[in-house]
Amino acid sequence: MTKTNSNLVWHEASVSKQERHARHNHKGCVLWFTGLSGSGKSTLANALDRSLFDAGLSTYVLDGDNIRHGLNKDLGFSDRDRQENIRRIGEVAKLFVDAGTIVSTAFISPFQSDRDQARALLADGEFIEVYVKCPLEECERRDVKGLYKKARNGEIPQFTGISSPYEEPKTPEITVDTSVQTVEESVEQIIGWLEKHHILTR
């Protein structure tokens, strides 16, 4: 675990989070999409992002695969590396929220403790856990990237859902079941939640 240098001092920004919220006409938050590979996290996060962006909101998507091509390309898939992967994403997401942005993160993030750690970085109401629920059998049937087949053949060690555990969220703010809901229905459900909790208004 990296320790904070005692010589570092946090520099307060000249523009506050509240001012950015007022400029954007909505609050910043993290929509943390978690679920098995193939459950539809990236598809749903991007569909939501398109809907919110088209409505004039300030938005961004942090996708697990994309982040591992850059910021986290030095990390593997051991439990320790998975934890560090999520820690870094939590810190990056926090910066987006501070900028007044609605950021959607699409990561398997299999461990509850890591998701709780990411939540702890943010103020109350800024971390919204979205459990993209989908049975393993359905995810494996889809096998969008061909990863389950490789995992079953022993080509991918520590693959979540097969040889590495996935801990379902205990109390997610939102649960969508992509085995029965369409992308459109799921997006509408999430937007409805954001409106109900006054993060955005129509």
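**Figure 1. Burial and overall make-up of the predicted protein.** Of the 202 residues of the protein, 42% count as buried, where buried means under 20% relative accessible area, exposed means over 50%, and partly exposed lies in between (1.4 Å probe, protein chains only). This is a predicted model, in which local features need pLDDT of at least 70 and side-chain atom pairs count only at pLDDT 80 or more, while totals for chains, interfaces and linings use all residues. Residues are numbered from 1 along each chain as its sequence is written, and side-chain values use heavy atoms, with hydrogens and water left out. The protein has 8 helices and 5 strands, taken as DSSP runs numbered from the N terminus (helices H or I, at least four residues; strands E, at least two). From the N terminus on, the order of elements is α-β-α-β-α-α-β-α-β-α-α-β-α. Counting contacts (heavy atoms within 4.5 Å) between residues at least 6 apart in sequence, 73% join residues at least 24 apart.

**Figure 2. A close look at the largest nonpolar core.** A nonpolar core is a set of buried Ala, Val, Leu, Ile, Met, Phe, Trp, Tyr and Cys residues joined through side-chain atoms within 4.5 Å. The largest one here has 23 residues, and Leu31, Phe33, Ile128, Ile190 and Leu194 have the most contacts inside it. Two or more residues each come from β1 (29–34), α2 (41–54), β3 (102–106), β4 (127–133), β5 (174–177) and α8 (183–196). Helix α8 gives the most, with 5 residues.

**Figure 3. Leu31 and its surroundings.** Which residues are in contact with Leu31, leaving aside its neighbours within four places in sequence? They are Leu48, Ile102, Val103, Ser104, Thr105, Ile128, Val130, Ile190 and Leu194. A second, separate core of 13 residues includes Val30, Ile86, Val103 and Leu122.

**Figure 4. Cys134 and Cys139, a pair without a bond.** A search of the whole structure finds 0 disulfides, a disulfide being a pair of cysteine sulfur atoms within 2.5 Å. For Cys134, the nearest cysteine sulfur is that of Cys139, 3.8 Å away. That distance is too far for a bond. Cys134 is buried at 6% relative accessibility, and Cys139 is buried too, with a relative accessible area of 0%.

Figure 5. Arg50 pairs with Asp54, the closest N and O atoms being 2.8 Å apart. Both residues lie in α2, 4 residues apart, about one turn of the helix. Arg50 is partly exposed at 48%, whereas Asp54 counts as exposed at 54%.

**Figure 6. Salt bridges between separate elements.** Glu173 forms a salt bridge with Arg119, with 2.8 Å between the closest N and O atoms. Because Glu173 lies in the loop between α7 (147–152) and β5, and Arg119 in helix α5 (residues 112–120), the pair ties together parts that are 54 residues apart in sequence. Glu173 is partly exposed, with a relative accessible area of 28%, as is Arg119, with 26%. Arg115, Arg119, Glu129 and Glu173 are linked in a network of salt bridges. In another pair, the side chains of Glu140 and Arg152 meet at 2.7 Å, N to O. This one links helix α6 (residues 136–142), which holds Glu140, with helix α7, which holds Arg152; the two residues are 12 apart. Glu140 is partly exposed at 24% relative accessible area.

Definitions and conventions: Salt bridge = Lys/Arg side-chain N within 4 Å of Asp/Glu carboxyl O.
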